[in-house]
Amino acid sequence: MYWCKIAQTEAEFNAIARLNYETFVEEIPQHEKNGEGLRIDSFHEQNTYVIVLSGTELVGMIALRAKRPFSLDLKIGEVEKHLPDSGKLCEIRLLAVRKAHRNGRVFFLLARALSDFCCEEGYDAAVISGTTRELKLYGQLGFRPFAEPVGKGDAVFVPMVTTRKQYGQSVAARLQTKKKTFFPGPVQLSGKLAAPFGEEAISHRSATFQAVFDEAKERLRIMASASPHFLFGSGTLANEAMIAQLANLNTKGLVLVNGEFGRRLKEQANRWKLDFDVLEEAWGEPFSARTIETAMQKSSAGWVLMVHGETSTGMLNDFETIAELCKKRGARLCVDCVSSFGAVPFSLQNVWLATAVSGKAVGTMSGVAIVFAHHHISPNESLPAYLDLGLYAKEIPFTLSYGLLKSFNQALQAYPNRYLLLQRRLDLLKRETKDWPLLSGDFPTIMTFRTDERFSGFLQAAQLSGYEMHAKSGYLKERGLFQISCIQPQFEEDLESLMKFHGVYKTYATT
């Protein structure tokens, strides 16, 4: 198994020095031979090395540095004089792959890892001194000459540059293997769910569109025990439209927060200048019914706003118990079900308003935002038209993509069996990661882990090697967490590959 990481250990730097000697002393006569068989680069202390390993053997490398002057500056003068609009620059050097592993896979894996790392660090372009022997290879990375060749004899080099755009259009970008993703959204589409996006566009005023629309509404009504209102946008839009309805009540409310998405609801309520108190628990801590009832009494709350599936911590909040409290006190409950809808079966019978989306657990493209209700909602001219649920009650007031609607309707046909599929996947994930530093694992589509000292290096190596776990969101990075979701269509196959990679990494890290 080939995989990538950033070189960090003395053993790795020694292996780099050997490969550096083999390539740039013995194969390309750029430097004088020595009796050690090692070549330490003159910029070694400034270099970041992306390396490729086959199991535990280093078989490829490339170096990146941003400190000036570049080696290329010393050859042709200040690079920016040739590239005035280059943006934030880095220099790429020492591209080398052992002869026995020059099979294309190492090169493309190295190219993708380097691209990911450069994007993560915010570089706009990269320059390289390209040996004339490998101009075709550099061209496959999107590199283009920008100055006259330098050097002499067998060590002639061409100053070359690539940008994010050039790399994105390169052979390496087109041919690199697809990443294995474990994000809680968006979902990678294939087969029946992807096909509608290639069909002929159909007007949202047509009978064909209306038939699919009505079918999807009926499926949603059965799943949620509530009537859906369709908007075209994200879960944030659905929550915005839901909170806009609270602005019409002219009563004080209560917002419940025990994670990132509860915090976002609080921010949205603030933007609407609603009058409310906040009941906040520590991240991942469940709400106490007694504490909520006390808070409702204290503030005379006429409404409660909360998240059901708090994916930032991987927990389900008990909205049914809170719905009973609201019913008892005559308050209206509004629930963000964006991440939980389609993950577990539930009824919104006692909920005033709730939100959902076409992406996430349902498994198709994001873009359909849904607000569920039981009561009739009349148009309200004091609200922005796009957020006025009253306009959506009887018809489709604004353009909605037919391809998206059809794919969503087809995804809904997988229920109720999809509930069982997601639970089986979660059980599989639990078994495979039983020794990992678990924070929360009861949410039916995601598990949350702590990034302890064993896993910080693993996460970076996994990303560079083509495994995308959910770890880059600010709220996760701040708390040292990462997540694995099981909603992607190739989950079982990708999880098997990830666990194999984890085994290889663990073996390497302990040798």
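Me: Is Phe319 buried or exposed?
Reply: Phe319 counts as buried in this predicted model, because its relative accessibility is 1% and the cut-off for buried is under 20%.

Me: And Phe346, buried or exposed?
Reply: Phe346 is buried, with a relative accessible area of 9%.

Me: How many aromatic pairs are there?
Reply: The structure holds 30 aromatic pairs. In one of them, Phe319 and Phe346 sit edge-to-face, 5.6 Å centre to centre with 85° between the planes.

Me: Where do Phe319 and Phe346 lie in the chain?
Reply: Phe319 is in helix α12, and Phe346 is in the loop between β16 and β17. They are 27 residues apart, and the pair links distant parts of the chain.

Me: What about Phe455 and Phe482, how are those rings arranged?
Reply: Their planes are at 25°, so the pair is stacked, and the centres are 5.8 Å apart. Phe455 lies in the loop between β20 and α15, and Phe482 in strand β22, so the pair ties together parts 27 residues apart in sequence. Both Phe455 and Phe482 are buried.

Me: Which residues are in a cluster with them?
Reply: Ring pairs link Phe455 and Phe482 into a cluster with residues including Trp3, Trp436 and Tyr508.

Me: New topic. Which charged end sits over the ring of Tyr123?
Reply: That of Lys88, 4.9 Å from the ring centre. Arg479 lies over the face of Trp283, at 3.5 Å from the ring centre.

Me: How many helices and strands in the protein chain?
Reply: The protein chain has 17 helices and 22 strands. Of its 511 residues, 55% are buried.

Terms used:
Residues are numbered from 1 along each chain as its sequence is written. This is a predicted model: local features need pLDDT of at least 70, side-chain atom pairs count only at pLDDT 80 or more; totals for chains, interfaces and linings use all residues. Side-chain values use heavy atoms; hydrogens and water are left out. Helices (H or I, at least four residues) and strands (E, at least two) are DSSP runs, numbered from the N terminus. Buried means under 20% relative accessible area, exposed over 50%, partly exposed in between (1.4 Å probe, protein chains only). Rings of Phe, Tyr and Trp (its six-membered ring) pair if their centres lie within 6.5 Å; planes under 30 degrees apart count as stacked, over 60 as edge-to-face and the rest as tilted. A charge sits over a ring if NZ of Lys or CZ of Arg is within 6 Å of the ring centre and within 35 degrees of the ring normal.
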